[in-house]
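I'd like to walk you through a structure, one piece at a time. Please have a look at it first.

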Amino acid sequence: MPAPSPFDPASCLSQATRRHFFSRCAVGLGGIALASMFGDRKLLGATTPAGGGSPLVNPMAPHPGHFPARAKNVIYLFMAGGPSQLELFDYKPKLIELNGQPVPASLIEGKRFAFMDSSHGTKLLGTRRAFQQHGRSGAWVSDLFPHTAKIVDDITLVHSCAANLFNHAPAKLFMNTGSGQFGRPSMGSWVTYGLGSESQNLPGFVVLQSGPRGPRGGAVNWGSGFLPTSFQGVPLRGNGDPILNLATPAGVSAARQRQTIDAIRDLNLQRAVETGDAEIHTRIAAYEMASRMQSSAPELIDLKGESEATLKLYGIEKDTPSFARNCLLARRLVERGSRFVQLYHTNWDSHGGPGENLQSDFEKVCREVDQGQAALVQDLKARGLLKDTLVVWGGEFGRTPMGENRDTTGRNHHIDAFTMWFAGGGTKPGISIGETDELGFSPVADRAHVHDIHATIMHLLGLDHKKLTFRFQGRDFRLTDVHGELLTKLLA
Amino acid sequence: MLSWKHAVAGLALTGTLPAATPVDYLRDVKPVLAQHCYRCHGASQQKGGLRADTAAFLKEGGDAGSAFKAGKSEDSLLLRVILGTHDDIAQMPYKKPPLTEAAIAKIRAWIDQGAAAPANEEPEKDLHWAFVPPARGELPAVKQGGWAKNPIDHFILARLETEKIAPAPAADRVTLLRRASLDLTGLPPTPAEVGTFLADQAPDAYERAVDRLLASPHFGERWARPWLDVARYADSNGYSIDAPRQIWKYRDWVVAALNRDLPYDQFVIEQLAGDLLPGATTEQKVATGFNRNTQINQEGGIDPEQFRIEAVLDRVNTFGTAFLGLTLGCAQCHDHKFDPLTQKDYYSLYAFFNNTVEDGHGKSVPGGTLSFPGEKDGTANLPSLLEEARLAVERHINTHGGEAVAWMAGLSEQQRGKLRANALRSAVEIAWEKQDFRQRRAVFAAAKPDDAEFRALNTKLTTLERNEARLVTTLVMQELPQPRASTLFIKGDFTRPGAPVTPAAPAILPPITVEKPNRLDLARWLFDPAHPLTARVVVNRIWQQYFGRGIVETENDFGTQGIAPTHPALLDWLATELVAQHWSMKALHRAIVTSATYRQSSRARPDLEIIDPVNRLLARQSRLRLDAELVRDVALAGSGLLVPKLGGPPVYPPQPDGVMSLGQNRRSWTPSEGPDRYRRGLYTHFWRATPHPALAVFDAADSFSACTRRLRSNTPLQALTLLNDRQFFEFAGALADRIVREGGATAATRLDFGFKACVARPPTATESGRLIALLKQLQTPVDGASAASEREAWTIIARVLLNLDETITRE
């Protein structure tokens with residue numbers, strides 16, 4: 001017998017029913033009558049949507065995974081554009097030595113690269129960055145990441161990451177959804193579909209952005225694909241309303257809003273009695289959650305309660321939106337029970353053209369993330385949150401060992417080997433996994449393909465990537481498609 | 001659920017029959033195998049190389065060897081897999097509840113008793129039901145014949161009578177009219193329409209109301225939407241750049257075709273191959289936009305051929321989903337695992353679509369775009385914006401005209417000659433009073449080059465004028481003079497071409513008999529009388545819109561892994577009826593909507609909560625939350641703001657700031673002013689990367705691939721949208737004004753008016769009591785809010801009404 005889906009309708013419904021409906025909502029008209037009218041069976045039946053999929057009464061209620069989890073939450077720092085591992089983590093003296101030499105033909109034969117039509121360079125490019133070993137683990141980190149260098153004993157570097165697609169938008173989709181095709185659910189959607197969220201006041205899957213522009217592909221990166229929209233990522237915005245339509249319309253006070261929602265609730269309850277449709281209870285619960293979000297989201301982004309020392313640790317200046325501020329918000333979100341928090345920071349696309357050179361532009365983007373990401377790991381650790389929180393760092397791919405000649409020499413997209421790092425949540429700290437060859441072109445050991453990374457993240461969360469499925473267009477889909485092997489060396 | 005879990009628990013102990021009980025293969029065993037095994041181990045397919053439709057086949061076995069050893073059930077593969085004790089093979093039936101202990105006991109006993117079976121046992125000849133053309137049988141006999149309004153009801157009632165369930169009573173008349181209005185036009189009935197209907201006591205009052213709705217131009221708008229979901233229609237190119245595209249002419253073609261009840265065969269043939277019809281009209285070419293709704297990747301550095309092929313693959317997959325109800329996409333990389341579809345079948349279809357002119361990078365290619373030189377694009381309210389901007393420039397010029405006059409007067413002959421633009425040179429020769437607007441504008445610009453205010457106004461006008469000049473175009477299919485050579489792609493990878501393929505129909509379906517068939521032949525083949533799928537697939541999707549679930553619940557998978565129809569004979573009756581009615585979709589709509597089945601009340605029935613909790617038997621109607629566009633339309637209609645204009649370029653109703661910056665390329669969203677601010681949701685400009693949030697939050701299709709059914713989620717973000725979105729607040733304000741203006745003088749009459757505007761019915765005493773209590777609260781200062789003014793108070797009441805679950809639900 002296959003294990004029952006973690007998304008067990010019965011338990012989800014009964015929880016949702018009790019917590020949201022009877023304890024919170026049944027204060028209006030007809031509450032008592034309803035309590036006797038609706039048994040769980042009834043709710044179960046009436047709310048299973050067409051297609052026999054998931055029930056709709058509070059799908060975000062937390063539920064257990066397939067086996068005990070090592071990590072409860074994920075903070076995914078997505079470096080949009082593809083950071084150069086060769087300038088940051090993957091130290092290749094041989095490449096420096098061979099700087100300017102043509103790349104061995106055997107390496108690039110049969111390979112496809114982005115911008116194949118343009119005359120990008122085929123000469124090896126050694127890094128000009130100074131590398132040093134750090135911490136007890138002796139991990140190599142370049143001088144561009146001085147803060148990150150301090151946390152190497154708390155993180156696991158994986159140098160052998162590999163992907164399939166070499167254009168930004170499909171590659172980002174691939175990293176987020178396991179497919180380059182649009183319309184598949186993102187990792188955060190799968191995770192919240194599988195586990196729900198501990199927070200009943202804030203969204204379970206939250207997306208924050210920083211950098212000069214949004215990530216390529218936009219909202220599909222955190223879309224729920226064919227899963228219900230309940231599971232799509234909710235952007236928490238740096239300006240204006242933190243969540244779309246969070247603010248009560250101008251001229252309506254909080255008290256009036258409460259009176260409005262109370263009246264909607266009571267009339268909806270009345271209709272629920274009249275029609276017997278349990279779906280109305282879901283809607284009532286949704287309005288209550290919306291109302292709670294109206295107060296909890298502003299509280300979330302208000303950093304007044306954070307100490308001077310904390311703000312300094314992250315390097316946060318006042319209220320300006322920044323990656324560092326988003327890192328702190330990510331900590332606050334997981335503290336409040338959000339399951340999956342994803343931060344995007346652009347722009348790492350260092351081809352060498354204007355605004356994307358490997359010199360000052362690259363230094364700038366490194367500076368923008370370095371202190372915040374290191375502070376996040378340190379802060380989570382100091383608060384005892386790191387053991388339950390998996391931090392993931394990486395882009396959609398890395399950069400080529402060859403230089404690319406534009407205004408300056410940059411690097412092209414590279415999918416065969418790039419570096420990601422992980423911290424907390426049951427990963428094994430202070431090690432490096434997956435050596436690459438002496439030019440940094442391909443892994444020579446422990447290749448960590450995107451599907452394997454997905455399988456491992458799911459595993460840490462207590463989910464079996466082969467069992468978390470959703471039937472769509474006649475097929476049981478999963479995040480890892482038909483692939484995915486556990487990266488056992490990554491596990492503590 | 002519970003029953004089979006118990007059955008599993010009991011297996012270890014039981015599942016045996018007294019050895020003496022004689023088992024007959026034909027009576028006891030074969031029916032079990034037929035019900036549970038033949039789908040994967042029968043005539044249509046042989047998973048694991050095994051057929052189970054004769055005892056001889058079982059003995060012969062499959063990849064894992066013989067299925068049984070006569071006399072030794074414990075050593076028999078068959079028994080071990082149905083018990084789930086085999087080490088390598090999953091418990092059978094695969095991913096289905098295990099067999100009952102009684103069934104297992106019979107199979108065990110049959111094997112132990114020697115596995116006797118008739119020597120002349122015939123193998124199953126039946127194909128999977130969906131590959132056999134629909135047959136029109138007799139109408140089933142029913143006892144309560146008086147209930148039935150038309151043949152549909154016989155099928156539904158016959159099944160209910162078998163299950164000893166009585167159908168639900170008919171919905172009350174107001175609910176029924178609102179239901180039919182929303183289902184047929186996407187708009188709620190006006191209070192006047194409700195009044196007329198209630199006053200009409202003729203026995204055919206409802207049928208006449210249905211006919212009125214079917215004739216409404218809004219019918220096409222309502223039913224275009226699910227079709228556009230299938231067609232993956234959007235107003236942008238998708239992928240990361242997501243540049244805008246013009247293809248709204250195709251959307252308008254769909255609306256118009258549905259309104260004039262273009263027969264479904266023509267409807268489809270024109271969309272798939274209108275360009276190849278003899279003497280193809282412009283309209284028929286516009287229709288081929290169906291297959292130009294593919295995404296275009298304009299990202300730098302791509303391999304254009306890869307994305308040209310992606311678009312062709314999308315056309316094949318869409319063809320499979322939209323017309324065949326098959327998951328063809330599975331065969332892109334390998335032979336279909338469950339259905340009799342090979343990779344060769346897939347690429348034989350691919351070959352039909354691989355011959356059009358467009359490239360993979362969205363560069364304009366001759367023939368791929370159709371222009372409409374007589375028409376101008378821009379937002380539909382461009383004329384009024386232009387007029388406004390022109391007036392603003394004119395006012396400014398006239399106010400400060402004296403300075404221009406002085407400048408002209410001061411010009412020397414030499415200076416006049418040096419003026420650059422011809423228009424300006426000739427204008428200065430004319431007296432200011434006699435100059436027209438164009439001349440004055442040129443003169444003023446030259447006279448006052450540093451006038452910042454003028455420059456701003458003038459730039460705005462120039463921009464609008466430039467928009468006005470943009471040609472209206474639409475994307476169409478155009479065949480290459482020479483077809484491309486098509487091949488299979490190994491593992492679906494376009495860099496690994498395999499064996500060459502030529503255009504052909506999938507082998508399991510009727511052949512295309514034309515020599516060297518093209519796209520037009522493929523389109524016509526769908527309407528071959530022997531075609532088993534086309535009619536079934538479309539009637540099922542239409543049925544699904546009315547009942548929330550298709551007769552085949554897996555509306556996009558009629559294959560062996562799909563769910564079998566709940567009412568197979570009804571599905572076939574509807575399919576054959578569609579053909580008999582010359583593919584008239586309106587006739588089908590009318591038959592469904594006037595059936596007694598459709599007219600039932602949607603109230604939940606406690607007596608069915610165990611036996612039919614999700615309403616598969618249709619012993620009642622279902623409450624269905626409205627689609628995203630209709631959530632908007634209902635609020636627009638209720639508030640009286642709706643501008644019911646049909647068609648035209650997409651419009652830009654307000655959305656929260658910052659939405660467009662989520663994509664890679666920040667695009668502007670200048671909210672439409674004037675009438676375009678209040679158009680139906682169908683016309684909202686749909687950016688694939690950044691869809692309008694009020695649509696996305698209510699599960700609008702994403703337009704990336706064919707969508708045959710939308711999910712219906714129910715989330716806090718929906719609540720925030722209806723409560724706080726500035727345009728919904730604007731609707732509430734308008735509804736409040738309307739209530740105060742038209743709703744009489746007392747709270748009671750106003751509430752009555754407001755309720756009718758939103759849900760078509762008057763409030764109950766409890767409901768109006770609750771809202772009168774709210775009005776009292778609003779008149780009392782609370783926590784910093786002073787007593788609400790009349791408008792404020794009624795705006796809040798209007799917000800309550802627009803937020804009701806009932807308002808956004810078809811009951």
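Predicted model: local features only at pLDDT ≥ 70, side-chain atom pairs only at ≥ 80, totals over all residues.

Residues are numbered from 1 along each chain as its sequence is written, while chains are lettered from A and ligands numbered from 1 in the order in which they are written.

Let's begin with chain A. Its secondary structure comes to 15 helices and 15 strands; these are DSSP runs, with helices being H or I of at least four residues and strands being E of at least two, numbered from the N terminus. Of its 492 residues, 61% count as buried. Buried means that 20 or more other C-beta atoms lie within 10 Å of the residue's own, exposed means 12 or fewer, and partly exposed is in between, with C-beta atoms placed from the backbone.

Now, how many residues of chain A are in contact with chain B? There are 69, and they meet 79 residues of chain B. Contact here means that the C-beta atoms of two residues, placed from the backbone, lie within 7 Å. On the chain A side, helix 10 gives the most, with 12 residues. That side divides into 31 nonpolar, 25 polar and 13 charged residues. Ala, Val, Leu, Ile, Met, Phe, Trp, Tyr, Cys and Pro count as nonpolar, Asp, Glu, Lys and Arg as charged, and the others, Gly among them, as polar.

Over to chain B, and one residue there. His567(B) sits in the loop between helix 23 (534-547) and helix 24 (568-580) of chain B. Is His567(B) buried or exposed? His567(B) counts as buried, because it has 21 C-beta neighbours inside 10 Å. Leaving out residues up to four places away in sequence, His567(B) touches Phe155(B), Ile156(B), Arg159(B) and Ile551(B). The C-alpha atoms of His567(B) and Arg616(B) are separated by 9.3 Å, and these residues are 49 apart along the chain.

My last stop is a pair of helices. In chain B, helix 10 (residues 218-230) and helix 11 (residues 248-259) of chain B meet through residues including Trp223(B) in helix 10 and Val254(B) in helix 11. The residues of this contact divide into 9 nonpolar, 2 polar and 2 charged.
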